[in-house]
Amino acid sequence: ERFRSALLALEGPRDFVCVGGDLNVAVADEDFHNPSEPRTAKQAGTTPEERDSMRAMLAPPLALQDAFRIVHPDARGQFTYWSQRARSRPPNRGLRIDYFLLSPQFLRGAIVDCQHLQQLRGSDHCPVVLTLDLDSAFTEAF
């Protein structure tokens with residue numbers, strides 16, 4: 001709640017807000033490999049409370065936009081985290097918990113692409129790359 005409040009204090013009609021990183025929550029069913037299993041409602045990152053908190057960031061008044069879903073609205077199996085302990089990466093049993101969330105001002109042609117670099121190894125997370133055309137965003141905003 002404090003994070004949402006801080007973001008609201010920043011965001012004015014001409015402010016561009018970008019929140020990026022490991023937010024530790026799979027907000028939609030397509031963001032994790034096993035949404036129908038009853039135990040997921042009790043697992044970290046997929047509890048109803050966590051998912052509702054994230055949805056509040058995506059709803060007004062903040063209305064932040066998920067850059068990956070803007071570019072890839074129907075993507076499935078696009079995860080950014082896999083348990084190393086359970087060896088979940090080879091069978092792609094993961095969660096999408098790393099995001100770039102953007103204020104609506106960025107949607108004016110600024111999002112060029114957003115990709116998960118799943119082929120890169122070395123961590124239990126993969127990099128998420130966001131490409132923006134800031135000239136386009138700022139030209140249209142000002």
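A pocket, as I use the word, is an open set of grid points with protein on both sides within 12 Å along at least five of seven lines. I note that the model under study is predicted.

**Entry: second largest pocket.** I looked up the volume of the second largest pocket and found about 160 Å³. I then listed the lining, which consists of Glu1, Phe3, Arg4, Leu23, Asn24, Val25, Glu50, Ser53, Met54 and Met57. Helix H1 (2-10) and helix H2 (48-58) are the elements that give two or more residues to this lining. The largest share, four residues, comes from H2. By class I recorded five nonpolar, two polar and three charged residues in the lining of the second largest pocket.

**Entry: packing of H1 and H2.** I next examined how these two helices pack. Their axes lie 11 Å apart, at an angle of about 5°. On the H1 side the contact is made by Phe3, Arg4 and Leu7, and on the H2 side by Ser53, Ala56 and Met57. I sorted the residues of this contact into four nonpolar, one polar and one charged.

**Entry: largest pocket.** I found 20 residues in its lining, with His33, Gln43, Tyr81, Ser83 and Leu95 nearest the centre. Strand S3 (81-82) and strand S4 (94-95) each supply at least two residues of this lining. I recorded the classes for the largest pocket as seven nonpolar, nine polar and four charged residues.

Note on methods: Residues are numbered from 1 along each chain as its sequence is written. This is a predicted model: local features need pLDDT of at least 70, side-chain atom pairs count only at pLDDT 80 or more; totals for chains, interfaces and linings use all residues. Side-chain values use heavy atoms; hydrogens and water are left out. On a 1 Å grid over the protein atoms alone, a cavity is a set of points where a 1.4 Å probe fits but cannot get out, and a pocket is an open set with protein on both sides within 12 Å along at least five of seven lines; lining residues have an atom within 4 Å of a point. Ala, Val, Leu, Ile, Met, Phe, Trp, Tyr, Cys and Pro count as nonpolar, Asp, Glu, Lys and Arg as charged, and the others, Gly among them, as polar. Grid points are joined across faces, edges and corners, and a volume is the space filled by probe spheres set on the points. Axes are lines fitted to C-alpha atoms, for helices over the stretch in contact, and angles run from 0 to 180 degrees between N-to-C directions. Contact means heavy atoms within 4.5 Å.
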